[in-house]
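Subject: A structure for you to look through

Hello,

I am handing over a structure that I have been reading through, and I would be glad if you kept it open beside this message. Please find each residue in the viewer as you come to its name.

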Amino acid sequence: MVQTIVMLENLPFPKNLQRVPEYAGTHHETLLGTGYPRQLGPEQLSIPARIMAIADIFEALTACDRPYKKAKPLSESLRILARLRDRGHIDADLFALFLSSGLHLRYGDRHLRPEQLDQVDIAEFLQPSTATATAN
């Protein structure tokens, strides 16, 4: 990962793509500062980097082309993301936007297998878990 960042930072990206190294290099970071590779905290993670983290996790959970794991259905993937939100790993407002915009459904319609497209009531995921919220 570190070498990828170094290589990307040395590429002559045009102005509109100059932040590609940032986005690629921070998609494994968390808002808790426990991510990889630099343990960046929320003040160091831009909105696009936070969006990229949510997109990367969602894609990894639902991907059916990974030989080391089975693709998860939509509901389970969103439940996992909600737990990450509740634990402070991902941005709560951006996760809510991801759900309320219907992006998870549009992505699912284009890229998921029919058996992954189970019924989801996003209201279940829009608010942090009361058990987690009380514990924090």
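What follows is an account of what was found, taken place by place.

Please keep in mind from the start that this is a predicted model.

**The cavity**

When the whole structure is searched, one cavity of 30 Å³ or more is found, and the space in the largest cavity comes to about 70 Å³. Its lining includes Thr-26, Glu-29 and Thr-30, and Leu-45, Arg-50, His-89 and Asp-91 are also among the lining residues.

**Arg-50 and Asp-91**

One of the residues of that lining, Arg-50, is found in helix α3. Is Arg-50 buried or exposed? With a relative accessible area of 17%, Arg-50 falls under the 20% cut-off and therefore counts as buried. Its side chain makes a polar contact of 2.8 Å with the side chain of Asp-91, which is also one of the residues lining the cavity. Leaving aside neighbours within four places in sequence, the residues in contact with Arg-50 are Leu-31, Pro-42, Glu-43, Leu-45, Asp-91 and Leu-94.

Ile-47 itself is partly exposed, because its relative accessible area of 47% lies between the cut-offs of 20% and 50%.

**The nonpolar core**

The largest nonpolar core has 16 residues, and within it Leu-78, Leu-81, Phe-95 and Phe-98 touch the most other members. The elements that give two or more residues to this core are α3, α4 (74-86) and α5 (92-100), and the largest share, six residues, comes from α4. For one of these residues, Phe-95, the contacts beyond four places in sequence are Ile-54, Leu-78, Leu-81, Ala-82, Arg-85, Ile-90 and Phe-125.

**The loop between α2 and α3**

Most residues other than glycine have a negative phi, and most peptide bonds are trans. With that in mind, please look at the loop between α2 (20-26) and α3, where Pro-37 has its place. The peptide bond joining Tyr-36 and Pro-37 is cis, with an omega of about 5 degrees. Gln-39 lies in the loop between α2 and α3 as well, and its phi is near 50 degrees, a positive value in a residue other than glycine. Gln-39 is partly exposed, with a relative accessible area of 46%.

Gly-33 also has its place in the loop between α2 and α3. Apart from residues up to four places away in sequence, Gly-33 touches Gln-39, Leu-40 and Gly-41. The C-alpha atoms of Gly-33 and Gly-88 are separated by 9.9 Å, although these residues are 55 residues apart along the chain.

**Two exposed loop residues**

Pro-67 lies in the loop between α3 and α4 and is exposed, with a relative accessible area of 81%. From Pro-67 to Pro-114 the distance is 47 residues in sequence and 19 Å in space, C-alpha to C-alpha. Glu-115 has its place in the loop between α6 (103-111) and α7 (123-126), and Glu-115 is exposed too, because its relative accessible area of 58% is over the 50% cut-off. Glu-115 and Asp-65 are 50 residues apart in sequence and 15 Å apart in space, C-alpha to C-alpha.

With best wishes

Notes
Residues are numbered from 1 along each chain as its sequence is written. This is a predicted model: local features need pLDDT of at least 70, side-chain atom pairs count only at pLDDT 80 or more; totals for chains, interfaces and linings use all residues. Side-chain values use heavy atoms; hydrogens and water are left out. On a 1 Å grid over the protein atoms alone, a cavity is a set of points where a 1.4 Å probe fits but cannot get out, and a pocket is an open set with protein on both sides within 12 Å along at least five of seven lines; lining residues have an atom within 4 Å of a point. Grid points are joined across faces, edges and corners, and a volume is the space filled by probe spheres set on the points. Helices (H or I, at least four residues) and strands (E, at least two) are DSSP runs, numbered from the N terminus. Buried means under 20% relative accessible area, exposed over 50%, partly exposed in between (1.4 Å probe, protein chains only). A polar contact is a pair of N or O atoms within 3.5 Å; within protein, one must be able to donate a hydrogen and the other to accept it, and residues adjacent in sequence count only if both atoms are side-chain atoms. Contact means heavy atoms within 4.5 Å. A nonpolar core is a set of buried Ala, Val, Leu, Ile, Met, Phe, Trp, Tyr and Cys residues joined through side-chain atoms within 4.5 Å.
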